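Welcome, and thanks for taking a look at this model with us. Please have the sequence and the 3D view open side by side as you read.

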Amino acid sequence: MVSSEHTPIIDGFAVVADIGGTNARFGRINLETFELDRIQVFPCADYLNLTDAMIAYREQQDVPLEHVAIAIACPAESDSIQMTNHHWQFSVQGTKRALGLKSFIVLNDFAAAAMSLVTLDKKEQKKIGGGHKHDDAPKAVLGAGTGLGVGHLITLPNGDVMPLPGEGGHADWAPLNEKEWAIYEFLSHRFEGRVSAERVLSGPGLENLYQAIAAYHDRPVPPLRAKTIGARALSGCDAIAVEAVEQFFASLGSFAGNLALTLNTRGGVYIGGGVVPKLLPMMANSEFRARFEQKGRFCNLAESIPCYVITAEHAGMRGVAQYLKQRLQHRAKRKQTA
């Protein structure tokens with residue numbers, strides 16, 4: 001996370017954004033109620049850089065850019081930001097100066113997703129399978145979209161929460177059966193010998209699975225977009241699409257279970273992103289939960305950890321707003337004790 005903040009927010013509003021590899025979503029948020037308005041989506045490809053997109057939002061929505069916090073789909077550990085799945089790159093301090101911002105925070109998108117977990121109510125999360133969560137225990141969040149995002153959330157002794165960003169989506173994908181080895185071989189040839197989890201568990205990953213499974217069955221198929229594959233699977237009109245989505249959920253379960261073991265996430269594993277909510281009708285009857293719990297000597301631990309699909313809209317923007325609010329509260333307390 002990179003931040004630059006100097007002046008407390010007077011009117012309780014900030015501009016927040018969720019910047020993905022495909023779209024940049026902007027909105028104005030009330031930091032007391034977390035209500036969002038003035039939401040607008042810009043295709044990233046339509047703008048040369050982030051600054052141009054922010055200026056377009058300011059002009060089209062007539063919203064001042066003073067206190068801004070963005071979640072972005074790439075590492076955000078330094079002043080220099082380079083997106084993973086898009087060409088935008090920028091300096092945090094340079095952008096702040098260029099736009100005359102009073103506060104500017106840049107947070108990895110799945111660190112923001114992790115922060116959003118404390119803002120969700122029960123209606124905004126659908127439980128998949130069993131398990132019982134412990135609210136103060138570590139939590140994991142992952143999501144398939146243009147890429148595969150991963151993050152964690154821990155609760156500190158003072159009650160604050162802290163996100164742990166990571167790039168777990170680029171870890172190796174591990175095949176577990178004969179068909180998956182065939183899929184691995186197919187994708188290994190396509191991606192120069194290495195297959196990451198993101199090559200399977202993302203929108204483009206679903207497209208890869210569709211082609212790989214068709215090859216496994218020796219059935220030539222045309223390339224299809226993930227949206228079309230999902231629609232065909234949901235309608236049941238395309239057996240390869242159905243099998244691709246089933247494989248997607250099986251591999252997602254294995255990957256989510258690995259995350260659960262990595263940080264002992266008794267607070268739950270939460271799934272967001274653009275892909276899974278659209279395919280939710282097929283998830284309950286998939287292998288997701290069985291593969292999540294298929295952890296050998298630690299299957300009992302995996303069985304005890306619940307999984308949820310995040311159904312809330314704009315969770316990333318709420319999460320980065322929560323982070324900004326927490327930072328400003330700390331700054332105000334330091335001033336009071338100075």
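## About the model

Please keep in mind that this is a predicted model.

Let's start with Glu180, which belongs to helix H4, spanning residues 178–190. Its relative accessibility is 0%, so Glu180 counts as buried, the cut-off for that being under 20%.

What does Glu180 touch, leaving aside residues up to four places away in sequence? The contacts are Trp173, Ala174 and Pro175, together with Gln247, Ser251 and Arg291.

## Aromatic pairs

Now for the rings: a pair is described by how far apart the centres are and by the angle of the planes. The structure holds eight aromatic pairs. In one of them, the ring centres of Phe42 and Tyr47 are 5.5 Å apart and the planes stand at 90 degrees, so this pair is edge-to-face. Both Phe42 and Tyr47 are buried. Ring pairs also join Phe42 and Tyr47 with Phe26 and Tyr57 in a cluster.

Phe248 and Phe249 form an aromatic pair too, with 5.7 Å from centre to centre and 80 degrees between the planes, which is edge-to-face. Phe248 and Phe249 are both buried.

## Charges over rings

Two further spots are worth a visit in your viewer. Arg28 lies over the face of Phe13, 4.3 Å from the ring centre. Over the ring of Tyr308 sits the charged end of Lys133, at 5.3 Å from the centre of that ring.

Terms used: Residues numbered from 1 in each chain as written. Predicted model: local features only at pLDDT ≥ 70, side-chain atom pairs only at ≥ 80, totals over all residues. Heavy atoms only, no water. Helix = DSSP H or I, 4+ residues; strand = E, 2+ residues; numbered from the N terminus. Buried < 20%, exposed > 50% of the residue type's maximum accessible area, 1.4 Å probe, protein only. Contact = heavy atoms within 4.5 Å. Phe/Tyr/Trp six-rings, centres within 6.5 Å; stacked < 30°, edge-to-face > 60°. Lys NZ or Arg CZ within 6 Å of the ring centre and 35° of its normal.
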